[in-house]
Structure formats: structure tokens, C-alpha cells
Amino acid sequence: MENSKSEVKLDSSWKQRLQSEFDSERMKTLREFLVQEYKKGKTIYPRGEEWFAAMNLTPFDKVKVVIVGQDPYHGPGQAHGLCFSVRDGVRFPPSLQNIFKELNSDLGLQIPKSGCLTKWAEQGVLLLNAVLTVEDGKAAAHQKKGWEEFTDKIIHLLNEEREHLVFILWGSYAQKKASFVDRKKHLVIEAVHPSPLSAHRGFFGTKPFSKTNAYLRSHGISEIDWSL
């Protein structure tokens, strides 16, 4: 897949499994849509080389945990290809703030200074948004353009080819997107979304981080160090 400036590189463990997706008519249409948006002078987040950052930081065979988000952040300097994560030095969006509050409550870890979750990704936490691009200032601008089917395929591949993964699904959108995950093979942790609109109705106190590590440990898989 290309943007108007350079070819986007994708980790080979993913590329070989997703080649048929890239060759599909749907992805050709998505590619053309994005090229046209660039030609119109629109600003798209994240940068082209970061569209597949989640998979490049977390190769297929290294995935232990999958966290499903919806769209990239649509403000300047926020999105960098990992769901819920922002670049170093960027103010925490409200949902991320609540995730860090739960992290503190669950594991006693200090609220991080940075909202960049790259350290989680490098340990096997696939931070996957359903839609991988967005237009500046326009939430959900790239929904229903083809990304959702592409990221569905990613979840299907993990569900079928791997076992003992943890799927963390916050909010009804993520729960619906990954509703087919085989709960006999994997652990599925569901809660309301960490956004301020819903967090007090069943996000706080759910202990997703300690539950994830307990499950990994029980299957002889090394835990995630959630500290940042």
C-alpha cells in the first residue's frame, strides 16, 4: 500500500498473511481514496509510514495481547499508529488518562509521564485500531472505506492461527468487532469504554492488566511489564 510520498513497509510475518488483502479490489479502492485525499491537500493522521506501526512493532508470532481501538486520534501530533497511544510530550486524551488510572489502581504502578505505549507493543501487545487513518479534525472520516475489513482479517488470523492470546475489548464497538474470537482458545476481557462518558459505569475496577498477566502466566507465557 502506498501513500503519495513513499511505500509503506510492513513486517514480513504480517505481509505474507495479508498479501491477498492487499491485492483485493477493496484495498485498491481504499488506496485510491487515500491518494485522492492527499492530492486535495488534506492532512491525514498518522503519517503514512506509521499506518502499520502496530504490526511492525508487534510481529504476528510475538503477539500475546490484542487491544482493539476504533479510530486514530484526529488532532495534530497525537496519532502514531497505536490505538490509545500518543507521542511523547502530548497531553493524555481522556480515555488514555482513565486507562492509566486503572493501571495505577490495578497494579499500583505510577501514572506514566508519557502517553506513548510503544513499550507495550514491543512486548507483544498489538494496539490495533479498526480504522488506520483519519482526516485532521474529522473523527471517523475514514470509516467504511475498507480499513475495517482489513483489520477484521488481522483478528481472524490471530484467532485461528494462535492460541492463549488475551483480547481486551473496551466498549461495544470493539466487542462487536471481535465477537467471533474463540473463548475456548483465548481469554476475552470485556468492559465498557474508558472514555469519560462511560468509564464510571464499569471500566474502573475491572483489573484488565493483572487478569492478563495471570492468564499468560497460567499458560507459561511471559507477562507484560505494563510500566511505562
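Predicted model: local features only at pLDDT ≥ 70, side-chain atom pairs only at ≥ 80, totals over all residues.
**Exercise 1.** Classify the pair formed by Phe 84 and Trp 170, and say where in the chain each residue lies.

*Solution.* Let's start with the geometry: the two ring centres are 5.6 Å apart, with 75 degrees between the planes. Planes over 60 degrees apart count as edge-to-face, so Phe 84 and Trp 170 form an edge-to-face pair. Next, the location: Phe 84 sits in the loop between strand 2 and helix 4, while Trp 170 belongs to strand 5. That's a link between distant parts of the chain, 86 residues apart.

**Exercise 2.** Trp 170 also pairs with Phe 203; which kind of pair is it, and are the two residues buried or exposed?

*Solution.* First, check the rings: their centres lie 5.4 Å apart and the planes meet at 80 degrees, so this pair is edge-to-face. Phe 203 is in the loop between strand 6 and helix 8, so its pairing with Trp 170 in strand 5 ties together parts 33 residues apart in sequence. Now for accessibility, where buried means under 20%. Trp 170 has 3%, so it's buried, and Phe 203, at 0%, is buried too.

**Exercise 3.** Which residues line the largest cavity, and how do they split by class?

*Solution.* Begin with the volume, about 30 Å³. Then list the lining: Pro 46, Trp 51, Pro 72, Gly 81, Asn 129, Val 131 and Leu 132. Sorted by class, that gives five nonpolar residues, two polar ones and no charged ones. Trp 51 turns up elsewhere as well: ring pairs join it with Phe 22, Phe 52, Trp 147 and Phe 150 in a cluster.

Terms used
Residues numbered from 1 in each chain as written. Heavy atoms only, no water. 1 Å grid on protein atoms, 1.4 Å probe; cavity = no way out; pocket = protein on both sides within 12 Å on 5 of 7 lines; lining within 4 Å. Points joined across faces, edges and corners; volume = space filled by probe spheres on them. Nonpolar A, V, L, I, M, F, W, Y, C, P; charged D, E, K, R; others polar. Phe/Tyr/Trp six-rings, centres within 6.5 Å; stacked < 30°, edge-to-face > 60°. Helix = DSSP H or I, 4+ residues; strand = E, 2+ residues; numbered from the N terminus. Buried < 20%, exposed > 50% of the residue type's maximum accessible area, 1.4 Å probe, protein only.
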